[in-house]
Amino acid sequence: MKNCIYINLSIALIFTSITFAQDSIVEEVIVTATKTEKTLQEVPVAVSVITSDELEKATIIDTLDLKSIIPSLDTRQYQSSTNATFFIRGFGNGSNNPGIEPSVALFVDGVYRSKTQSQISDLPMLERVEVLRGPQSTLFGKNASAGVINIVTKKPSFDKSGMMSFGVGKYNSKIGKIYTTGPINETTAYSFNANFNKRDGSSDNPVTGNSVNNRDRLGLRAELLFIPNDDLSIRVTADYDEYDEICCAVGSANYGTANAVTAAFGGQIIANDPYTEKAFFDFDPISDGDNSGISIYIEKDLDNVRIESITSSRKSYNFELQDVDFESVNQIDANKLVKDLDAVTQEIRIFSEDNENINWLLGAYYYQEDMKYDNSIYFGSLWRAYIDALAPGALAGVAEAFGIPNTLLFAEGQGVNEISTQNNTTKSIFAQLDIKLTNRLSAIVGASYIEDEKSVSVNQTNTDIFSNLDFVGAGTLGLIGAGFPPEQAAVLATDPDFNPLLGLQALQFLPQFVNFPNTAQDGKSNDDNVDYTLKLAYILNDTTSIYGGVSTGFKATAWNISRDSLPDATEIAALALAGSPVGPNTGVGKRYADPEESEVFEIGAKIKLPTGYLNIALFDQKIEGFQSNTFIGTGFILANAGSQSTEGYEFDLVMSPTDYIDLAISGLFMDPIYDSFPNSSSGDLTGTMPSNISENTISSTITWNLNVNNWDGYLRLSHLYASEAKLLENPVWQATLENAGNGLKAQDTINFSAGIEKDNLSITIWGKNINNDKYLISAFPAVADPTFTTFFGYPNAYSSYGATLNYRF
């Protein structure tokens, strides 16, 4: 109730203050949401824009921080620095499986970044960040079925300038940046940017003595801008960043059977409290990697026509050691993951400029990414003891029944290793017309065609003896020995009443994988799709325009590049006919999720205020075949939801009621639902609300600008509210969490910053989550808990504070 009062008061105060607005003017914002430069108020797109000044005052360090000021954008980090996902209007995916690409596309200066590991660096010097809401595949193409994050950096300048900053803060935080730009000669300018970000972790690991959730990042960026004449510019950018971190802390969301069994072996955890600032791992989970790239951006002006070309080449490397049992004892050895990405892109656009009635744009895009992925998991020294505690005496009985040494079952060092590859080629062409129908009415008509080809391989080496024992076959032989006819014995062997071994199948976590490509599965997909945008915009008067229309989006086939990728019945039958039958415990599933297609119907208004603007959008958005990836305790299930949709509205209000006060409030109000999801891993979810999505989210900011003795300053206070959302879609699991008091996620976070500036010097102090708000980002069941009573959760970032000294020259 307190939050509702706060929100209503905020809205009332802001709208009331419009009456008293002065004649100060908010700077006009330029965006490239339609691949050409237009003002924010001109473009008929639902887009939020954060300027460099706002980013600095909000102490936005990386892309994950953006959620604090953009309510339509949600960011979630999971078990490692690079395992994170973006969501827009509740739609998003792309974590915990390298074959699942994100539904929210991220671009830096027009260059697509495909995976979170290539997006992890701290942000360089920026002009702005644009968040485009809803499907954007017509112009942005690949994997923009839910929206786009478009990051625009500062170009090199022919005016010499620079900036140095150094900040300190909680957890022994040290952040440094340097930026310089200027002319080399009359036709060439340069810029150079370097940054580092180091801090201790926000949680302590009593087992290793080290901290978790630390920061250790370094970034370098250099640019050259060539302008040999007024008609041509060439921008060359080279960048490199690296990270070496221990991440990420988890806590007990519900103390259950797995915790209790582990405690008998010395396992430590604080029951039912995920906010203890302690993380109990038996080793430090490491995320280590680097990214590098070079891009060339060419702009050529002809007679009323501009040609733009963006060419890029990028490399990304990631090494991780994950503690996948999330316990303080060595049940499972470190899960080692190594992922290499090599990508090249080429985009060409040609468009008209300033035609009176019709402006047009034509473009083509090419993308090639090659990935190699190495994933291994092996049993630790206490895994056998853990299984014996769950099923006393069972393993000894199995060893006797199969005539094998008891010590071989779940022995330390047994496990699996997968070597996977994916080669992905994407080609698209696109076109758009901007037609002035009358002096007030205009139309945008756009279409694109995309082809996406993938070639995938997964090859596993499996040394887990227990998981590959044939309990049905052994039961059949036992029943035959007991006098049952063979045909009857084969049937009865699948009945737990006649075959007690079947009760142990739940412990066969790592059955023999069916490698592919094989004679029945070529590991290839070839998708194509046509997307379109149709919009009308009408200028009501000098201050207000309205727009409406429909847009679509597309995301191609997602291959399940993991040990959970299962053959379907057709593949199993074909392999049997070819003389290569699958193992006794191989399940039936699907190697990939089919493409997802999105559509949004949207109407909106863009209103210029005397000192700012108010933008409103009402939307009805749906994704058919949403690619869902759910953890079920022993692996991830990749499946297509029949349909997920949401209806709602959102707004951005920016204004200055006086010369000294700037106000900004943004809101998202929606009603997400699974229209159809009958075959989820949690049963039929049709008609239910997806997990981790708040129906109402509001960001409010007030900034007081001041001048004291020729020192310019500001004081900024911001609040982010998100209504309650369930954490799990399985209703039984969700009820378990709620009974422990950890089932509902809600956010009520206050941030603060203040700064003063005189001449070239400025000082900023800041605090994030100063009210010590606590909530879980997500929750999940423990590995191999057959009772499904043990759950862990990822806590949000704890409160932090610091100060920064800036010097501009």
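Residues are numbered from 1 along each chain as its sequence is written, and side-chain values use heavy atoms, with hydrogens and water left out. Because the model is predicted, local features need pLDDT of at least 70 and side-chain atom pairs count only at pLDDT 80 or more, while totals for chains, interfaces and linings use all residues.

Salt bridges come up first. The structure holds 40 of them, a salt bridge being a side-chain nitrogen of Lys or Arg within 4 Å of a carboxyl oxygen of Asp or Glu. One of these pairs is K142 with D452, whose closest N and O atoms are 3.0 Å apart. K142 sits in the loop between α3 (137-140) and β9 (147-153), and D452 is in strand β23 (residues 441-462), so this pair ties together parts that are 310 residues apart in sequence. Helices (H or I, at least four residues) and strands (E, at least two) are DSSP runs, numbered from the N terminus. Both K142 and D452 are buried; the word buried means under 20% relative accessible area, exposed means over 50%, and partly exposed is in between (1.4 Å probe, protein chains only).

Another bridge brings R235 and E223 together, at 2.4 Å from N to O. Here R235 belongs to strand β16 (residues 232-246) and E223 to strand β15 (residues 215-229), so the parts being tied together are 12 residues apart in sequence. R235 is buried, and E223 is too.

E308 and R349 make a further pair, with their closest N and O atoms 2.6 Å apart. Since E308 lies in strand β19 (residues 305-322) and R349 in strand β20 (residues 335-352), the bridge ties together parts that are 41 residues apart in sequence. E308 counts as buried because its relative accessibility is 6%, and R349 counts as buried at 5%. The two also belong to a network of salt bridges that links K35, K155, E299, D301, R306, E308, E347, R349 and E353.

E597, D620, E624, E647, D671, D675 and E695 form a negative surface patch. Patches are made of residues with over 30% relative accessible area and no salt bridge, with like charges joined within 9 Å and nonpolar side chains (Val, Leu, Ile, Met, Phe, Trp, Tyr) within 5 Å. One member, D671, is in the loop between β33 (661-670) and β34 (673-676). With a relative accessible area of 48%, D671 is partly exposed.

Most residues other than glycine have a negative phi, and most peptide bonds are trans. C247 and C248, however, are joined by a cis peptide bond with omega about 10°, and C248 lies in the loop between β16 and β17 (251-254). The bond from F516 to P517 is likewise cis, with omega near 10°; P517 is in the loop between α8 (486-492) and β24 (524-539).

As for phi, N213 has a positive value near 70°. N213 is placed in the loop between β14 (211-212) and β15, and counts as buried at 18% relative accessibility. N710 also has a positive phi, near 70°, and is found in the loop between β35 (696-708) and β36 (711-726). At 60% relative accessibility, N710 counts as exposed.

Methods. Accessible areas come from the Shrake-Rupley method with a 1.4 Å probe; for residues, only the protein chains shown count as cover. Lys and Arg count as positive and Asp and Glu as negative; His and the chain ends are not counted. The place of a charge is taken as NZ of Lys, CZ of Arg, CG of Asp or CD of Glu.
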